[in-house]
Amino acid sequence: MTAGGYDLLVAAPRIGPLLGEHFVPVSRPALSWRVQTEVSGWVQRRAFIRLSHSDRDQEFVVEGAASVAVPWPFAELRPRERGAVQVRVEGGDGRSSDWSPAAQFTAGFLDPDESPAAFVGGTADDSPVLLRAALDISRPVRRALLYATALGVYQVEVNGRPVDDAELKPGWTSYQRRSTLETTDVTDLIRAGENVVGVRLAGGWLTERWGFRDAARRFYQGPPAVAVRLHLQYEDGTARWWDGVGDWRCRLGPSVSASLYQGETYDQRGEIPGWSSPASSADGWEPATRRDGTPPVAAPRTAPEVRVVTRRPVVDVLTTPSGKTVLDFGENLVGVLHLRVDGPAGTEVVLRHAEVLEHGEIATRPLRNAAATDRLILAGTGPVDWRPTATFHGFRYAQVDGWPGELRPGDIEALVLASDLESTGGFTCSSELVNQLHDNVGRSMRGNFLSIPTDCPQRDERLGWTGDIQVFAPTAAFLADCLSFLASWLADVRIEEDAAGGVVPIVVPAVLPESRRLLEPIAAWGDAITVVPWTLYDRFGDQAVLRDNYPAMRAWTDVLTARAGRTRLWDSGHQIGDWLDPDAPPDRPGAAKADPGLVATAYFFRSAQITAETALIAGTAEEAERYAVLRDEIAEAFRHRYVTPSGLMVSDAPTAYALALGFGLVTDPERMAAMGGRLAELVRASAYRISTGFVGTPLVCDALTMTGHTAAAARLLLQTECPSWLYPVTMGATTVWERWDSLLEDGTVNPGEMTSFNHYALGAVADWLHRVVAGLAPAEPGYRRLLIRPTPLPGLDHAEAWHDTPYGRAVSGWRRRDDVIDFHVTVPPGAAAHVQLPSTDVVEVGSGEHTWTITADIAPGMQREWSLDSDLADVVDDPQAYAVVVDALAGLDPQQAAAFRKNTRFVRGTALRKPLEKIPRPLIAEVERRLAELTRVRQAP
């Protein structure tokens with residue numbers, strides 16, 4: 001399309017959220033659209049929205065630049081109403097586009113009096129079951145819509161065909177109060193005459209045993225159950241409902257058992273050919289059981305479905321020292337295996353899953369009580385294609401026992417399962433290790449964004465830990481369109497918080513016995529109810545997420561206010577603190593260096609700050625003022641208790657400084673500079689190895705760069721010794737680990753009871769890579785204005801990030817070239833950017849492509865003379881000098897080298913010879929020799 005001589009295109013508008021076959025789950029969906037044009041600085045003057053439905057068109061004019069999450073301007077949609085939306089825009093120069101392609105939709109929700117049918121299921125409490133009911137259709141059907149939900153996991157088949165490709169439906173919610181209603185168009189599956197609706201039903205999250213060790217037990221009661229209702233609209237204009245009440249029959253099928261933790265057992269000999277089609281007899285089926293009690297509210301699905309998002313072939317077939325056959329899929333993934341196998345009747349193929357190998361065998365100890373084992377028993381009737389349908393596993397390796405005949409790699413593939421989110425961001429730089437780290441972050445997010453945001457996908461846990469997603473939400477919002485996914489989970493957070501009187505549990509859904517008994521607020525975990533909604537608003541620009549969650553934000557902040565009292569210090573009660581500080585013993589992961597009261601008070605401030613800002617948007621000015629006063633009182637109390645006038649913190653730990661600086665608790669420039677300097681000293685003292693846990697890790701690099709210590713942040717990022725972000729990469733990791741040393745340097749698994757190789761929390765550093773290193777961040781919610789502030793790191797030659805903002809793709813990157821640095825920026829149409837390059841003033845630019853070149857800062861000259869009298873701070877600040885010392889020790893005695901790395905505090909004013917005093921003289925001599933050689937090289941002309 002052209003408009004007045006230049007291209008001006010509008011993509012089909014987004015009706016959000018629009019799910020499945022274009023189903024809208026709400027009566028007033030928000031509208032967004034993107035414009036494509038090469039005209040620099042293009043700005044929308046107005047937009048025209050056309051709604052086509054019910055044989056008529058309506059139009060609405062939006063004056064101004066709004067194009068993201070625009071409120072529905074028409075009458076409320078009615079259930080099953082169909083229509084299409086188009087948009088055309090007019091720019092600031094008066095030129096207009098043509099109408100966009102149409103976005104088709106169907107209202108997929110029910111009227112309040114159209115509740116789903118009664119829940120029905122089998123008679124066994126845990127066993128998977130098959131259900132079926134017959135339906136006779138005597139008139140031509142124009143449209144058939146299936147409405148279904150379940151307590152457990154299910155799939156519906158109509159006349160022998162699955163209704164869709166979704167997995168583990170309807171997903172996990174707080175079953176006591178909320179289930180997910182799914183709408184599916186099954187018109188093409190319905191036929192005249194007899195029809196059969198069949199359901200495969202298993203326990204899933206409903207029947208799992210939650211808790212740790214001997215405390216694990218079922219939280220939800222009763223057997224799995226499903227509610228199915230069909231709306232039939234006939235060609236003659238009439239309509240009817242069918243729910244199969246009184247007709248549902250059930251029986252056990254070939255799926256003998258199914259558990260998320262333990263795995264699935266399938267006996268092919270129990271298959272019932274054509275069980276969900278009219279061709280199969282109902283003989284042997286018994287009446288289904290109706291579930292008693294008040295059913296949960298069936299809320300329309302708003303989050304994307306779980307699907308097979310990709311497939312992975314076997315990359316290697318290994319024979320272990322014990323003679324077992326193990327398949328390597330090349331990366332740590334989440335999903336199940338798909339087999340193509342043939343063998344005699346009764347043959348049992350056993351599949352055991354694990355993330356890593358230890359001593360050449362699959363390492364199952366980290367799985368704890370989860371067997372993670374699937375079994376297929378063959379009927380001997382010929383080749384079979386099979387895969388589990390009611391479980392999932394986290395694994396890279398699979399041990400295969402009992403395979404009949406020769407196992408060919410092509411006979412097995414991995415099906416990768418995840419909530420089907422659209423990828424929206426990426427990052428790349430000159431370091432392949434950092435690129436792999438970023439890939440690992442994305443892979444861990446994919447594996448743990450399965451129905452809810454979980455901590456890990458493999459062991460007997462897989463829970464919605466609120467602290468993990470609280471720290472990771474900014475990274476998630478950059479990498480994927482996770483607005484509706486996390487907004488759906490937040491609905492359950494609100495349910496659980498309300499049930500706990502304003503306290504947000506540490507896991508949601510709250511199924512742990514501890515989460516019910518211990519109704520105490522936990523800092524950084526409970527604060528998910530403020531931080532996650534605010535992050536979603538900041539990154540996606542949709543105020544609805546604030547309006548939905550503001551009452552819960554307020555309730556949480558009020559609970560903390562009562563707990564802190566007049567002191568405004570949250571320094572009492574049970575806390576988790578800076579979880580998994582690397583200095584904590586393996587069996588005491590909460591024993592962090594940072595004072596837990598400091599951590600809690602910092603988060604109290606953060607939640608009060610967010611609540612105050614949200615009140616301006618979703619609440620009232622009076623409430624905003626009240627929470628703003630509270631915020632300021634907390635900050636003052638924090639500074640008085642934890643920060644000295646000179647900038648030294650009472651809890652002299654990196655996480656303490658990172659929190660105070662990163663949250664803005666200290667704003668005085670002189671004190672901030674002193675705190676940043678002390679943080680840099682602590683980071684150097686640890687030889688630029690990580691010394692923060694879950695709470696401090698997302699903020700430590702930000703705190704360093706905002707106070708001018710870019711080189712220290714770069715060394716921290718690029719460190720490969722343990723603990724560091726890149727150590728797991730050097731050990732072959734393809735996902736982010738739970739512990740910095742989940743795998744020890746000798747290749748053995750960390751001895752702690754809690755060890756996962758797929759946890760995204762420590763990958764929250766990726767947000768800093770996007771915002772600070774590449775320099776791509778929102779200056780206004782939803783990226784209406786971008787903040788372009790790149791930070792060329794020492795040790796990197798280039799870096800770039802891209803993100804599909806609500807306005808279109810934005811890019812920010814830089815590249816060193818001789819003594820200059822080239823910067824490039826892409827601003828999408830309808831947006832603008834504040835650009836601040838190193839040592840330059842801020843400039844304002846509009847949409848389009850922009851480039852700049854500036855002179856690079858000259859790197860400081862390398863120290864030319866080295867000896868045992870060199871300062872430890874100088875040694876560790878020079879990567880080559882540090883490597884010379886460590887390599888000299890390691891060449892003669894690796895244990896001495898390890899002890900030097902682990903025990904030395906690299907502080908200024910201490911000579912290198914001091915930590916070497918007690919090691920054997922030959923090692924000292926070798927260090928002296930290597931340092932003299934480095935000196936000769938450095939002093940050579």
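The model is predicted: local features need pLDDT of at least 70, side-chain atom pairs count only at pLDDT 80 or more, and totals for chains, interfaces and linings use all residues. Residues are numbered from 1 along each chain as its sequence is written, and side-chain values use heavy atoms, with hydrogens and water left out.

**Overall form**

- The protein chain contains 18 helices and 49 strands, where helices (H or I, at least four residues) and strands (E, at least two) are DSSP runs numbered from the N terminus.
- The C-alpha trace of the protein chain spans about 95 × 75 × 60 Å along its principal axes.
- The radius of gyration of the protein chain is 30 Å, which agrees with the value near 30 Å for a compact globule of 941 residues; this radius is taken over C-alpha atoms, and the globule rule is 2.2 Å times the number of residues to the power 0.38.

**Burial and contacts**

- Of the 941 residues in the protein chain, 60% are buried, meaning under 20% relative accessible area, with exposed over 50% and partly exposed in between (1.4 Å probe, protein chains only).
- Among contacts (heavy atoms within 4.5 Å) between residues at least 6 apart in sequence, 73% join residues at least 24 apart.

**R938**

- R938 belongs to helix 18, which covers residues 921-939.
- With a relative accessible area of 9%, R938 is buried.
- Not counting residues up to four places away in sequence, R938 touches M862, Q863, R864, W866, D878 and Q880.

**A107**

- A107 is part of strand 11 (residues 103-107) and counts as buried at 0% relative accessibility.
- Although A107 and V26 are 81 residues apart in sequence, their C-alpha atoms are 7.2 Å apart in space.
- Leaving aside neighbours within four places in sequence, the contacts of A107 are V24, L77, R78, P79, R80 and E81.

**Helix 12**

- In helix 12 (residues 710-718), the buried residues are A712, A713, A714, R715, L716 and L717.
- The elements covering these buried residues include helix 1 (432-448), helix 10 (669-685), helix 11 (697-706), helix 14 (766-773), helix 15 (872-877) and helix 16 (879-892).
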